[in-house]
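This report walks through the chain shown below, beginning with a sheet and moving on to helices and the nonpolar core.

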Amino acid sequence: MAERLAVSKFEVNGQAIMAVVAAMSITQNRALKMLAAQGIAPLEKERWYPMDKFLVVFEAIGKEIGPNTIKAVGRKIPENAIFPPNIQAIEDGFRSVDMAYRMNHRGTGSIGGYRYSQVGPRTAQMLCDNPYPCSLDEGLLEALGERFRPVDSLWVRVEHQPGSCRKSGAASCTFNLSW
Ligand SMILES: [Zn+2]
């Protein structure tokens, strides 16, 4: 059995939530209403909000607006969220996701994360066992790949490994990365 994540003991930083709202472009008002319905209001940069409520909002976005919106939100996160500075190499870009995740959440217990492992010189895997939706991570990894793509690479491929997926109740999703 997968370890149960201590979501109810965690909080999300207001700035991270604002990054999500900013990414929803034309539906920002709707996003703010959905957040308010879960008690995440008023939204302030320096405040912390219950993570379980934030996850309920993601579930609602997926159901009412669609999974493509979740992926689009994921793609915008690297633009809107704070990442460690001075990152050049793509490996460090992917590694920084877990650090950024920990900077924007606080609490006690296990909350999963983004576990990067290098497979070959230009291949790696990212195991995502955080409680966010699969589509969000897919969009996030794609955008990071574009941002940190080495000049001598034509593309950065992000492929969901078949099998285990959080959409079907698994504890984690693994993405194969190559460039
Ligand atoms: Zn998945």
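## Sheet, helix packing and core

In this predicted model, three strands form an open sheet in the order β2-β1-β3, and their pairing is antiparallel. Strands β2 (48-50) and β3 (105-107) stand at the edges, and because each has a single partner strand, one side of each is left without a neighbour in the sheet. From one strand to the next, the twist averages 35°. Strand β1 (residues 10-13) runs antiparallel to β3 and is joined to it by three bridges; in one of these strand-to-strand links, Val12 has His105 of β3 as its bridge partner. Helix α1 (residues 14-23) lies across β1 and β2, and its direction makes an angle of about 60° with β1.

A pair of helices also deserves a description. The axes of helix α3 (residues 51-64) and helix α4 (residues 67-80) come within 6 Å and cross at roughly 125°, and α3 and α4 are therefore oblique to each other. The residues that make this contact are set out by helix in the table.

| Helix | Residues in the contact |
|---|---|
| α3 | Phe58, Ile61, Gly62 |
| α4 | Pro67, Thr69, Ile70 |

By residue class, the contact of α3 with α4 divides into four nonpolar, two polar and no charged residues.

The next topic is the nonpolar core. The largest nonpolar core holds 38 residues, of which Ile17, Met126, Leu141, Leu144 and Leu177 touch the most other members. Helix α6 (residues 134-147) supplies the largest share of this core, namely six residues. In soluble globular proteins, nonpolar side chains tend to be buried together. When neighbours within four places in sequence are left aside, Leu141 is in contact with Met126, Val158, Phe175 and Leu177.

Phe175, one of these contacts of Leu141, is found in strand β7 (residues 173-178). Is Phe175 buried or exposed? Phe175 has 23 C-beta neighbours inside 10 Å, and because a residue is buried at 20 or more, Phe175 counts as buried. Not counting residues up to four places away in sequence, Phe175 touches Gln125, Met126, Leu141, Val158, Glu159, His160 and Gln161. Phe175 and Cys134 lie 41 residues apart in sequence, and their C-alpha atoms are 9.9 Å apart in space.

Technical notes. Residues numbered from 1 in each chain as written. Predicted model: local features only at pLDDT ≥ 70, side-chain atom pairs only at ≥ 80, totals over all residues. Core = buried A, V, L, I, M, F, W, Y, C linked by C-beta atoms within 7 Å. Buried ≥ 20, exposed ≤ 12 C-beta atoms within 10 Å, placed from the backbone. Helix = DSSP H or I, 4+ residues; strand = E, 2+ residues; numbered from the N terminus. Contact = placed C-beta atoms within 7 Å. Axes fitted to C-alpha atoms, helices over the stretch in contact; angles between N-to-C directions. Parallel < 35°, antiparallel > 145°, perpendicular 65-115°, else oblique. Nonpolar A, V, L, I, M, F, W, Y, C, P; charged D, E, K, R; others polar. Pairing = 2+ DSSP bridges.
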